[in-house]
Amino acid sequence: MTIYDALEKDHEKIESLLDQLVSSAQSDSDEWKSLVDRIADELVPHARAEEALFYNPIRDSAQGKSLISHSYAEHARAESELRSLQARESVDAEWTRLAKKLRDDLLRHVETEETEVFDVAKKIFSENDAIQIGEAFDALKSIVRKQTFVGPGYDLVVDLVPKRMRDGIKTQLSQLKKSA
């Protein structure tokens, strides 16, 4: 599976959860709390692995620099919105508005990513690169789910990406470790 397939698969899963979340905001059930947690369990590992293995190599290209900077900012905004939802104690008008905003923001992000970012990536990555990055992406998501900081598991996954990209990714991960 290529990185593009892996990302699209995750995007569909997260979109479905977001739709369920917005629907649950209309009911009196507490289902929304578990949905917010499920979204966080999917979204955070997805974003971390995507940033490390997909965004970083693209960011270093002339075509991808501003596009990827914008994508990083969208990830940060979505995670902030998600954390705000996790901190809510009850469903109210503010919560419903925030759930819809999170869904809308992420859907716009996905649209841009699956068109503009994928187009740039396909100029940078070979088909074999895309397959290797896809495999590393899935492995890294599993590691991120199990830890709350940048740890040694990242180093193992970096060895799965194409050799010409490893040094750049290792540099980025080293900086993350220092800031963790």
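A: In the largest nonpolar core, which has 26 residues, the members that touch the most other members are I3, Y4, L53, F54, I58 and F125. A nonpolar core here is a set of buried Ala, Val, Leu, Ile, Met, Phe, Trp, Tyr and Cys residues joined through side-chain atoms within 4.5 Å; buried means under 20% relative accessible area, exposed over 50%, and partly exposed in between, with a 1.4 Å probe and protein chains only. Two or more residues of this core come from each of α1, α2, α3, α4, α5 and α7 (163–179). The most are given by α5, with seven residues. A second, separate core has 20 residues, among them L35, A40, L43 and A78. In soluble globular proteins, nonpolar side chains tend to be buried together.

The model is predicted, so local features need pLDDT of at least 70 and side-chain atom pairs count only at pLDDT 80 or more, while totals for chains, interfaces and linings use all residues. Residues are numbered from 1 along each chain as its sequence is written, and side-chain values use heavy atoms, with hydrogens and water left out.

The chain as a whole has seven helices and zero strands. Helices (H or I, at least four residues) and strands (E, at least two) are DSSP runs, numbered from the N terminus. Of the 180 residues, 48% count as buried. Among contacts between residues at least 6 apart in sequence, 74% join residues at least 24 apart.

How do the helices pack? Two packed helices are described by the angle between their axes and the distance between the axes. Axes are lines fitted to C-alpha atoms, for helices over the stretch in contact, and angles run from 0 to 180 degrees between N-to-C directions. Helix α1 (residues 3–24) and helix α5 (residues 127–146) have axes that come within 7 Å and cross at roughly 40°. That makes α1 oblique to α5, given that angles under 35 degrees count as roughly parallel, over 145 as roughly antiparallel, 65 to 115 as roughly perpendicular and the rest as oblique. On the α1 side the contact is made by I3, Y4, A6, L7 and D10, and on the α5 side by A130, I133, G134, F137, D138 and K141. These residues divide into seven nonpolar, one polar and three charged; Ala, Val, Leu, Ile, Met, Phe, Trp, Tyr, Cys and Pro count as nonpolar, Asp, Glu, Lys and Arg as charged, and the others, Gly among them, as polar.

Helix α1 also packs against helix α2 (residues 31–59), at an angle of about 155° and with the axes 10 Å apart. The two are therefore roughly antiparallel to each other. Residues of α1 including I3, Y4, L7 and L21 meet residues of α2 including W32, L35, L43 and F54. The residues of this contact of α1 with α2 divide into 13 nonpolar, four polar and six charged.

Two charged residues complete the picture. D129 is found in helix α5 and is buried, with a relative accessible area of 6%. Leaving aside neighbours within four places in sequence, D129 is in contact with I124, P162, R164 and M165. R88, in the loop between α3 (65–87) and α4 (93–124), is partly exposed, with a relative accessible area of 26%. R88 touches W32, E94 and W95, not counting residues up to four places away in sequence.

Conventions. Contact means heavy atoms within 4.5 Å.
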